[in-house]
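Open the model in your viewer and keep the selection panel at hand. The stops below say what to select next and what is there.

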Amino acid sequence: MRYVGLTTIGSVGAVVAGLLVGVTASVTPHLLPTATERTAATFIGVSAAITFGLVGVPLALLVSRRLKIVSEAIKETASNGVPRPLPGGEMLSGVTHRLDRAIHAWADRCSSLSASLRTAELRLSVCEAERQHAEATLHSLHDAVLVTDAFNEVSLANEPAAKLLGFELSESTHRPIDEIIPDQVLRKMIKEVRQSGVLSKQKRIEHSIRGTRLNEANARSDYDVTIACLPDQKQTGVGGVVTILRDITRQKEISEMKSDFVSQASHELRTPLSSINAYIEMLIDAEAQDEASRQEFYQIIKAEADRVSRMIDNMLNISRIEAGIVSAEKSEVDFGKLIHEVLETMQPQARAEDIKLIDRTGPLIYSAQADRDMMFQVVMNLVSNAIKYTPEGGRVTVAVENDDESRSVLVSVSDTGLGIPPDAIDKLFDKFFRIDNYKRIAKGTGLGLNLVKHIVETVHKGSVGVSSEVGMGSRFWFIVPFEFQGG
Amino acid sequence: MSRPPVILVVDDEAHITHVVSLKLSNAGYDVHTAADGEEALEVALSVTPDIIITDLQMPYMNGLELCAKLKERPTTRNLPVILLTARGHALNEEEMKQTNIRQVMSKPFSPRQILDSVEALLKEHKIEDEDSLAA
């Protein structure tokens, strides 16, 4: 439009200028010395005006029209982004050709920039999605992760790190590690790894860290700490450090428990095995001097082999329960009936020791959903223990009651036996625990009460307990919910 | 006729004391038994055995405590000890210094092995005594 306007103004200007020269020459004859000169001037002026009018105007109009076409072509190119060939025409062919090339170059550049922009936008959205994904992953980790920059300031951290080290996650960015990590050893390690300047540098240690203000237990926990270097922007130097802390406290406890269990189990098994081995060797060497001695040896070997077998059974049962691979076969267990059966089974043993077994189950129905065989074993173990540690002439009483408030059945086994020293009460349900002074009174595996505890508490979500007074007797009890709560 | 050597067998497992003492009695030794460290100390002071065979883990007083007590007393100071253990115990320097344990035997053990060890230790002990008398 601008080109058309300018051309029009130019054309009109040329006509006006010609006319002005002619008119000026004819209306101001007094400025010229002679009449001939004035006539000539007027003639030239009028001729110029006519010439400008005849040539200038059509030319101006032509140029204007061409420029208009060019202008429209440019407009179209701009709006479509596709260059439109410009109409040539001999007159403007040079100009339009150059313009055409410039427009093509410009259009190419435009479309290339536009493509770059689209790629950049796409990349940005992918990056943003990846960043969010990485951040979500970081925050979903149980391990504590802390990323620090080249100035030992926090650049990224997750909630477990904040909880472990005791800082507010929202206020942690750009805070120096000296302020937010109370553990001196950990701070030192992070700084050392960063200062090493070696990208491949990675440090992995087991380290014990005391709980922080946000950690309720405030006890020391064991961590597997990995500290690794992160590259800087040029990917050549160390730009920061990532510290990952994995809590291995429970893992270590389990590992220690396992090795203790293996050590204790092997120790406990060696004792009856020693007897079996020794008596067999004595029989081979004909050290038993008569048939009665031989029979005694056989009995001992049998009793000790049974002991080994019981120990292995108990160990396997406990291990299975601990590993969570025992499935309870739940049914409605009538505890009154079950107790009666246990007492029947144990009657010969009690009679041999002159111990009276008393059934205090009452006339009501005492039932709960439980694994019957397991419950039988629990009551059996408790009654068997009571008989073992009650002197001749004593009493063992088994009672049961319904506790409607807690919706559970309470079974108790009381005896008039030796009682349990106060310092042994807490350890009584531990694996392989046996009261030293009572070892000579009765043989045992040291696993019976632990199995009772596991069956009642782990499998049936009930509870067990004991109250005792040395010299007066003990009362063991357990509670099992009416409805099965176990897995 | 000289008196038979006296052996004290100490273990809280009755079957173990029974089988070891039977093996040694059959071999002609005068065997005494005790069921824990305290009882063993009393018996050792009264019968002055030539050798003690003791379990490590026992109530009241364990095998190492018993050995340390024996080394403190003049009459039992040189008494050689065979230690029976179910834990595969390896003696440390301190325990070696504080006790007179000459051999550690792991459970399950063989009664024949015990008899062999007793005989070897008595022989050794006799030579040592003769040496000290000669000196």
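Select helix α3(B) together with what covers its buried residues, which includes α2 (37-47), β3 (51-55), β4 (81-85), α4 (93-98) and β5 (101-106) of chain B. Helices (H or I, at least four residues) and strands (E, at least two) are DSSP runs, numbered from the N terminus. This is a predicted model: local features need pLDDT of at least 70, side-chain atom pairs count only at pLDDT 80 or more, and totals for chains, interfaces and linings use all residues. Residues are numbered from 1 along each chain as its sequence is written, while chains are lettered from A and ligands numbered from 1 in the order in which they are written.

Now colour G63(B), L64(B), L66(B), C67(B) and L70(B), the buried residues of α3(B), which spans residues 63-72. A residue is buried if 20 or more other C-beta atoms lie within 10 Å of its own, exposed if 12 or fewer, and partly exposed in between, with C-beta atoms placed from the backbone. Why do they fall on the same side of α3(B)? Because they cover an arc of only 160° around the axis, the arc being that of the directions from the helix axis to the C-beta atoms.

Move on to T75(B), in the loop between α3 and β4 of chain B. T75(B) counts as exposed because it has 10 C-beta neighbours inside 10 Å. Not counting residues up to four places away in sequence, T75(B) touches L45(B) and T48(B); contact requires C-beta atoms, placed from the backbone, to lie within 7 Å. A C-alpha to C-alpha distance of 9.8 Å separates T75(B) from P49(B), 26 residues apart in sequence.

**Strand β1 of chain B**

Select β1(B), residues 6-10. Four of its five residues are buried, so β1(B) is largely enclosed by the rest of the structure. Five bridges join β1(B) to β2(B), residues 30-34, and the two run parallel; strands pair if DSSP finds at least two bridges between them. In this pairing I7(B) stands opposite V31(B). Four bridges join β1(B) to β3(B), also parallel, with L8(B) opposite I52(B).

**Chain B as a whole**

Zoom out to chain B, which has five helices and five strands. From the N terminus on, its elements run β-α-β-α-β-α-β-α-β-α. Of its 135 residues, 40% count as buried.

**The contact with chain A**

Show both chains: the contact takes 18 residues from chain B and 19 residues from chain A. On the side of chain B, the elements that give two or more residues are α1 and α5 (111-134). The largest share of that side, six residues, comes from α1(B).

**The largest nonpolar core**

In chain A, select F335(A), V378(A), V379(A), L382(A), V383(A) and V452(A), which touch the most other members of the 46-residue largest nonpolar core. Such a core is a set of buried Ala, Val, Leu, Ile, Met, Phe, Trp, Tyr and Cys residues joined through C-beta atoms within 7 Å. The largest share of this core, eight residues, comes from α10(A).

Key: Two residues are in contact if their C-beta atoms, placed from the backbone, lie within 7 Å.
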